[in-house]
Amino acid sequence: MRKHYRSFFGKGVRLICVILLFSFGIGTALAQQVQWASRVIGFSSELVHAKTPKQYGAQQILGKPSKLPNFGNSACAWSPSTEGNITEEWIKVGYNKPMKVKQIAVAENYNAGSITRIYGYDSNDKEYLLYTNTKDTLPLVGRMSNIFIKETPFMVTSLKIMLNTSRIPGWNQIDAVAISSLSTPVKAQINLSPDTPKELKRENLGRGVNSVYEEICPVIAPDGKTLYFTRPEQPDNQDVWYAELTASKTFGTARRMPSPINTPEHNSSFSITPDGSTMLLNNIYRRDKQDTSRIKLYKGLSVTRKNGQLWGFPEQVQIQKYYNDNDFAEFSLAQSGQVLVMTAQREDSYGSKDLYVSFLQSNGVWSEPKNMGGVINTADAETSPFIASDGVTMYYSTPGLSGYGSMDIFATRRLDESWTKWSEPQNLGPAINSDAWDGYFTLPASGDYAYFVSAKNSFGGNDIFRVELTKQLQPDPVALVYGTVYDAQTKKPIGAELQYSPKKQKGESGKASANTATGEYKMVLPLKEIYALVVNSSGYTQNTDEIKLEKDSVYKEIRKDIYLSKTGTEPPALANKLDIANLEVGKAVVLNNIMFEQGKFDLLEPSFVELDRVATVMKENPKMEIRLEGHTDNQGDFMLNIELSKNRVLAVKKYLESKGITPERIQYKAYGGTQPLASNASEVSRKKNRRVEFIILKK
């Protein structure tokens, strides 16, 4: 049941509100005059498949049409269990609000013309004959049967539709049934955004990328410079290929990815991380025990990581309780690296393959797949999901929603943090979707070009196309942050791990890696947020910083180089007598006797003796300037620890100012739990990490 009405492409709060109010107003008015069946009361039979028992079932008749205005076989329509049944088949459906009826609309999507009679029922379940079919004698491909009758004197609560399936040869299907008080025909419509452009130029990527074989699974790197895709060179084998963008904005001749990504069996790739160093691969790679040079593939998912210029052996991605009863699967990794969307057929699927979501846990294992809900999943097969860089917009393909061809591309937006509530999917329109097969939609972080697969006007099988998107069709803008991590002393690039967290928790935390050979990193961050950035590398002091994007509203690329210093010795404690002559500029000194209440930032009285000594020395050395640095352990929320350490150093600063030290002589910085002196495994060691230090900047 797909009852949500939300504009996907509207930009800006005011525009979105106008579109929503307009569409909700129309939707409310039409809902009072047109109702689609909301429940199944009874039926004679339903077509049941052992592997997909929900397909073609009686429940598929509910809600708006899932196939019309297109015609043909649909797993999202009700079909009686046999064809050519001498005994009449029937189905009885109910409606939420009883109403007087002038029109009955029956979406006959496959082999139309088998309806013989329609009965209506009042609130007492009294039966009335409303329609008898005396005209249809020949089969029709499909149609919306608009049956106009004299307005019923009673309020219709339900309908019963009788079928003579021997009358029209072949299987008979009904997509949906509506009652209406309108005199104008009820129509099935494709759910399009009001901003959908009428014309977009579909560009075939040419023979350097496309061949007489099928090109599928395109994935454009977030920077838009490399396109990865899958191509079979012969019937029993397919490999992962890539092509690079040239200065003329076209793609050069594709090249095959190296071993061990490609093997003699079927290989295909899915997502690539912003830094280009991590790629998801279909199947699980395992070396043959007898012949270790031979690699065997098993159903599942693997990840390969780039070390320098070489791709590592694909490692299995561990997903709790993972299984897939379908022969095919697709995966999409969010740019944060913390969310994985996949297609699978499982016990709780709505029919064939559905969209599921899994979350990365602290132990590196992904959570059990969770069905993403009936708003986006149908009884037919969902395929080729792609999570846009904004982490909110998702594109996927399905034949289970009204469209133009055998497979169309749709867009939907995440409504909350559960990843199971989504806006009603909107068809990307006839400029992208054709009357053929269309799928595998992918975008770079800029959102300027969309890449997808289509059988329309291809060189052979499916080809990869692109279109330049208007602003209305693009997802929410993001920032591509990139740079190099260096050794602060030698200025040589080093490998590192980067973690980012939104300060206001409006977005997702995420991770990135700096290449061990080049030190280069890339990450994609949604706008309208301030991010805390933590950078770690073995043997180096942790670096913390901020990336401020709260005032940005359009896509931008930001270069940010990072310098790490080698880990030094533990800062000395403040001696009983502060000998400034022996203290180095830039060297940290621990104030060991600074005390606060647990989890608070109010200074306790024992702190005053040590702080008074600092104030005295600063008065004796009027040119002396310092920076106070606050630290906590790593227990609790990351951002709350940053805030706590900030408030504590501000309390120390305020105390020193109360002793006559001018504010401009005291700087401060808060690190939270990002720069521990000891392990956080015990309370004794955590106590060492909860500290205030000062650094002499000038003396």
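## A network of charges

Let's begin with three linked residues: Lys 321, Arg 346 and Glu 368 are joined in a network of salt bridges. In a salt bridge, a side-chain nitrogen of Lys or Arg lies within 4 Å of a carboxyl oxygen of Asp or Glu. Counting by this rule gives 28 salt bridges.

Keep in mind that this is a predicted model, where local features need pLDDT of at least 70, side-chain atom pairs count only at pLDDT 80 or more, and totals for chains, interfaces and linings use all residues. Residues are numbered from 1 along each chain as its sequence is written, and side-chain values use heavy atoms, with hydrogens and water left out.

## Three salt-bridge pairs

Asp 487 and Lys 566 form a salt bridge whose closest N and O atoms are 3.9 Å apart. This pair ties together distant parts of the chain, 79 residues apart: Asp 487 belongs to strand β31 (residues 478-487), while Lys 566 sits in the loop between β38 (562-564) and β39 (588-591). Strands (E, at least two residues) and helices (H or I, at least four) are DSSP runs, numbered from the N terminus. Asp 487 has a relative accessible area of 2%, so Asp 487 is buried. Here, buried means under 20% relative accessible area, exposed means over 50%, and partly exposed lies in between (1.4 Å probe, protein chains only).

What about two other pairs? Asp 561 and Arg 559 meet through their side chains at 3.2 Å, N to O. Asp 561 is partly exposed at 30%, and Arg 559 is partly exposed at 47%. Arg 627 and Glu 629 also form a salt bridge, with 2.9 Å between the closest N and O atoms. In this pair Arg 627 is partly exposed at 22%, whereas Glu 629 is buried at 4%.

## A lysine in a helix

Where is Lys 653 found? Its place is helix α3 (residues 638-658). With a relative accessibility of 14%, Lys 653 counts as buried. Setting aside neighbours within four places in sequence, Lys 653 is in contact (heavy atoms within 4.5 Å) with Leu 628, Pro 663, Ile 666 and Tyr 668.

## An open sheet

Four strands make an open sheet in the order β24-β25-β26-β27, with antiparallel pairing. The edges are β24 (383-387) and β27 (426-427); each has a single partner strand, so one side of each has no neighbour in the sheet.

Two strands pair if DSSP finds at least two bridges between them. For β24 and β25 (residues 393-398), the antiparallel pairing runs over 3 bridges. Thr 383 stands opposite Ser 397 in β25.
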